[in-house]
Amino acid sequence: MDLRLPRIRGLLRRPRRVLSAAAAVVVLAGAGTWTAVASDDPPPVRRTDRIVSVGDGVRLDTSYFTAGSGGRRPAVLLAHGFGGSKADLRRQAESLARDGYAVLTWSARGFGRSTGRIGLNDPDGEVADVSRLIDWLARQPQVRLDAAGDPRVGVAGASYGGAVALLAAGHDDRVDAIAPSLTYWNLADALFPNGVFKKLWAGVFVNSGGGCDRFEDTLCRMYQRVAESGVPDPQAVRLLRERSPQAVGDRIDVPTLLTQGQTDSLFPLGQADAAARAIRANGAPVDVDWIAGGHDGGDRETDRVQARVRSWFDRYLKDDEGTATGPAFRVTRTGGVDSTDGRAQLRGASADRYPGLGGGPVAVPLGGREQRFANPAGANPPAVSALPGIGGAGGLGRLSALGVGVSLDFPGQYAAFQSAPLTEDLRVTGSPTATVHVRSTSDDAVLFAKVYDVGPGGAAPVLPAQLVTPVRVEGAKAGRDVALTLPAIDHEVEKGHRLRLVLASTDLGYASPAAPATYTVSLEGDLTVPTAPGVTTAAAPLPAWVWWLPLAGLAVAAALLLTGRRRTATPAPDPALAEVPLQITGLTKRYAGAADRYAVRELSFRVEQGQVLGLLGPNGAGKTTTLRMLMGLITPDEGEIRVFGHAIRPGAPVLSRVGAFVEGAGFLPHLSGRENLELYWRATGRPPENAHLDEALEIAGLGDALARAVRTYSQGMRQRLAIAQAMLGLPDLLILDEPTNGLDPPQIREMREVMIRYAAAGRTVIVSSHLLAEVEQSCTHLVVMDRGRLVQAGPVTEITGSGDTLLVGTGLPVEEPVVEKIAALPGVDSVVPTDDGLLVRLGTDGTAARLVAELVRLEVPVASVGPHRRLEDAFLTLIGGSA
């Protein structure tokens with residue numbers, strides 16, 4: 001069967017809108033530069049960078065990649081995600097070029113070095129740009145043509161780029177295959193699901209685009225209107241639908257590989273399902289792949305996905321019928337945690353046909369009477385499910401896959417209906433459904449439906465992938481039956497666990513009615529759960545340790561018998577140190593796999609209450625390793641750390657008395673400063689009254705800014721908010737790692753005052769910083785490290801004021817051989833050249849008079865000699881210039 005015939009018929013069926021745009025493509029002279037990209041594997045890749053004018057004053061920054069010299073080859077357009085640029089795609093482009101493709105990447109309008117305003121894939125903007133780039137590819141001598149002006153071309157991209165791949169296939173018949181991932185089919189449904197405004201993700205969109213004024217005026221006005229009202233209006237819905245792949249869904253009839261993320265509250269699995277059903281109905285081959293990660297974090301399986309995209313294009317662009325493109329449906333499942341590195345173990349399950357979201361339905365009876373609950377005034381406090389921007393590399397959704405509950409519902413703000421304990425394991429693959437009856441004291445109600453996995457014995461309930469379904473119920477005052485389609489998931493519920501359907505009145509990620517109301521909800525029938533029985537998990541091979549572990553165990557047991565080594569218990573608290581914030585004794589940490597290389601070696605010092613201690617040292621001195629051991633993140637090889645007399649171990653209870661600020665903190669941009677801190681404290685599970693929020697905020701000195709959204713904060717204000725977060729609970733020991741990074745001088749002065757105020761009440765602060773002048777003004781004591789060892793510790797005045805550091809002024813620069821001779825003099829510990837002459841640190845037997853005599857003998861042009869008291873210079877002499 002020739003899969004290209006539908007494309008030819010499509011070409012005759014409607015005119016190609018793109019030909020009229022061809023004249024608008026202008027490659028600006030001199031904008032391209034050819035470079036060779038080094039590679040361990042031939043052939044080398046050639047890249048040229050060009051600025052392409054596409055009309056209306058818009059210029060696109062592009063890169064074109066080819067490798068080898070043989071003949072024409074298919075082309076691939078790679079589109080980047082929202083907030084990114086073409087630079088994000090360079091590695092994938094080089095790989096595809098080596099595999100025999102001509103690859104073009106570009107920065108979309110408003111991103112990278114491209115001009116223009118962001119149109120959210122406007123058909124007359126970003127989508128038309130793709131057609132103009134295809135025109136350009138058709139003129140390249142390396143690109144294979146199907147007809148004049150018609151290159152053999154595929155389009156791939158993630159998120160924003162995935163949508164433009166779908167849209168290009170619907171608008172331009174020359175597109176032959178696509179591989180969109182983590183993207184949307186209907187952007188209105190994604191941002192306004194069931195008529196509810198997804199406010200946090202919408203705000204992230206606007207912020208990552210550079211602010212509202214970087215968007216087209218119609219989009220900016222739409223966002224401001226909806227964000228202010230909290231309710232999407234018909235014009236907003238229509239605007240986003242017109243810019244969605246669904247608008248041209250009946251014209252997308254090319255082979256499509258859809259990759260979607262399971263931990264994705266922005267574009268959940270239902271978006272890919274809608275795309276798969278529509279494109280398959282057009283007669284095109286469609287494969288669906290559910291990966292572990294997504295916009296909320298987790299493992300995006302980049303290498304595996306890119307390999308599958310390459311195979312997809314080999315099959316449908318190179319016409320290589322022998323290429324295996326993978327199963328029609330694949331889902332990644334989490335099979336526990338690797339004990340060696342703590343990473344989630346991923347396994348694939350597959351089926352020879354896509355099951356959709358409702359395959360193999362199983363009815364699960366739920367119990368529960370009619371329930372009343374409140375929508376609080378201002379929709380505050382909100383329940384917590386997914387947290388855009390906080391997922392990180394691990395992702396909250398991955399935690400739920402590992403059985404860790406991280407969601408939050410407030411009593412009196414939800415109804416719950418629960419099943420009996422399951423009598424056997426149940427794998428949920430797809431979207432559960434249920435029907436409820438809803439009444440409200442207000443005209444409309446907004447509810448957030450979710451299904452929990454509830455374990456036995458009081459374990460925290462788990463919300464799979466942290467996903468909820470919002471629904472707006474209009475006319476709720478009269479009472480209405482509401483059919484709920486819950487988020488699509490792939491989750492195993494173990495035997496003995498229960499399923500709990502929850503309907504909450506609020507959710508942090510969405511806009512809820514501000515007016516208080518009372519909702520009454522009753523259940524109408526069972527919870528229907530899809531099981532997709534045709535999807536089977538591949539058997540996992542036995543790991544190597546199954547074979548070698550018994551032998552290794554025997555060897556270890558014999559070694560223990562011979563050496564008498566035994567596991568030691570956590571040392572008992574030392575009463576004599578109960579009032580000492582920190583004592584480090586003989587601390588040693590070796591580099592992994594290097595028994596004779598040390599990150600920290602035999603480090604000992606003590607910190608008293610009320611001190612502000614500066615931890616100083618050049619790069620590689622061991623400061624960060626020391627702080628990580630202090631916070632219980634890594635374990636020392638030798639020595640011990642005691643905080644208020646308690647030995648530090650990972651998870652030690654005494655760490656609750658320690659607050660830490662390390663490389664800033666992530667905040668939700670659309671929440672106020674105060675709301676961010678309250679959310680963080682709730683996540684710790686500690687009582688609200690123990691937060692001492694007002695005291696921490698007073699010390700941080702943010703004032704009225706606390707009520708403003710964090711997106712309006714300056715860098716200095718964000719730093720102070722992060723410090724306030726570390727100070728929540730008023731920990732007795734506060735650790736600050738480079739707290740002044742990125743701050744201007746006035747902001748640095750404010751941060752200094754924050755530290756001094758915090759320690760003034762008898763608490764202790766440890767600050768690691770490279771700004772020596774600031775440390776000199778902020779700290780009372782210093783610990784100086786170099787190459788993992790302690791160089792000196794003591795009060796700042798003692799270290800900077802010691803008379804053994806002399807500044808020798810010279811009329812001319814001192815040559816290096818002479819400096820070496822001075823350093824070798826009796827009574828001289830170290831010499832460091834400076835702009836003014838020499839900094840000389842004398843030993844215990846050295847004197848200024850003897851030094852001057854030796855300098856004269858060496859014919860050094862001495863102009864002046866005197867003590868030097870700046871910390872910067874004292875620091876340089878202490879570490880011998882190794883900084």
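H781 stands opposite P795 in strand 37. Strand 36 (residues 781-786) and strand 37 (residues 789-795) run antiparallel and are joined by 6 bridges. Two strands count as paired if DSSP finds at least two bridges between them. Helices (H or I, at least four residues) and strands (E, at least two) are DSSP runs, numbered from the N terminus. Strand 36 and strand 37 form a hairpin with 2 residues between them. In the turn, R787 has a positive phi of about 55 degrees.

This is a predicted model, where local features need pLDDT of at least 70, side-chain atom pairs count only at pLDDT 80 or more, and totals for chains, interfaces and linings use all residues. Residues are numbered from 1 along each chain as its sequence is written, and side-chain values use heavy atoms, with hydrogens and water left out.

**The chain overall**

The protein chain has 22 helices and 41 strands. Of its 883 residues, 53% are buried. Buried means under 20% relative accessible area, exposed over 50%, and partly exposed in between (1.4 Å probe, protein chains only). The protein chain exposes about 38,000 Å². Carbon and sulfur atoms supply 52% of that area. The areas come from the Shrake-Rupley method with a 1.4 Å probe; for residues, only the protein chains shown count as cover. Among contacts in the protein chain with a separation of 6 or more, 75% join residues 24 or more positions apart. Contact means heavy atoms within 4.5 Å.

An open sheet of 4 strands has the order 29-28-31-32, with antiparallel pairing. Strand 29 (598-607) and strand 32 (646-647) stand at the edges, each with a single partner strand, so one side of each has no neighbour in the sheet. Helix 13 (residues 623-630) packs on the sheet and touches strand 28, strand 29 and strand 31 (638-643). The direction of helix 13 makes about 120 degrees with that of strand 28. Angles run from 0 to 180 degrees between N-to-C directions; axes are lines fitted to C-alpha atoms, for helices over the stretch in contact. Strand 28 (residues 582-590) and strand 29 run antiparallel, joined by 6 bridges. Q583 has R606 in strand 29 as its bridge partner.

**Helix packing**

Helix 15 (residues 693-700) and helix 16 (residues 715-727) pack at about 145 degrees, with their axes 9 Å apart. Helix 15 contributes A696, L697, I699 and A700 to the contact, and helix 16 contributes R720, A724 and M727. By class, the contact has 6 nonpolar, no polar and 1 charged residues. Ala, Val, Leu, Ile, Met, Phe, Trp, Tyr, Cys and Pro count as nonpolar, Asp, Glu, Lys and Arg as charged, and the others, Gly among them, as polar.

**Individual residues**

Q92 lies in helix 2 (residues 90-98). Q92 counts as buried because its relative accessibility is 15%. Not counting residues up to four places away in sequence, Q92 touches L78 and Q306.

The peptide bond from N380 to P381 is cis, with omega near 5 degrees. P381 sits in the loop between strand 16 (371-375) and helix 11 (396-401).
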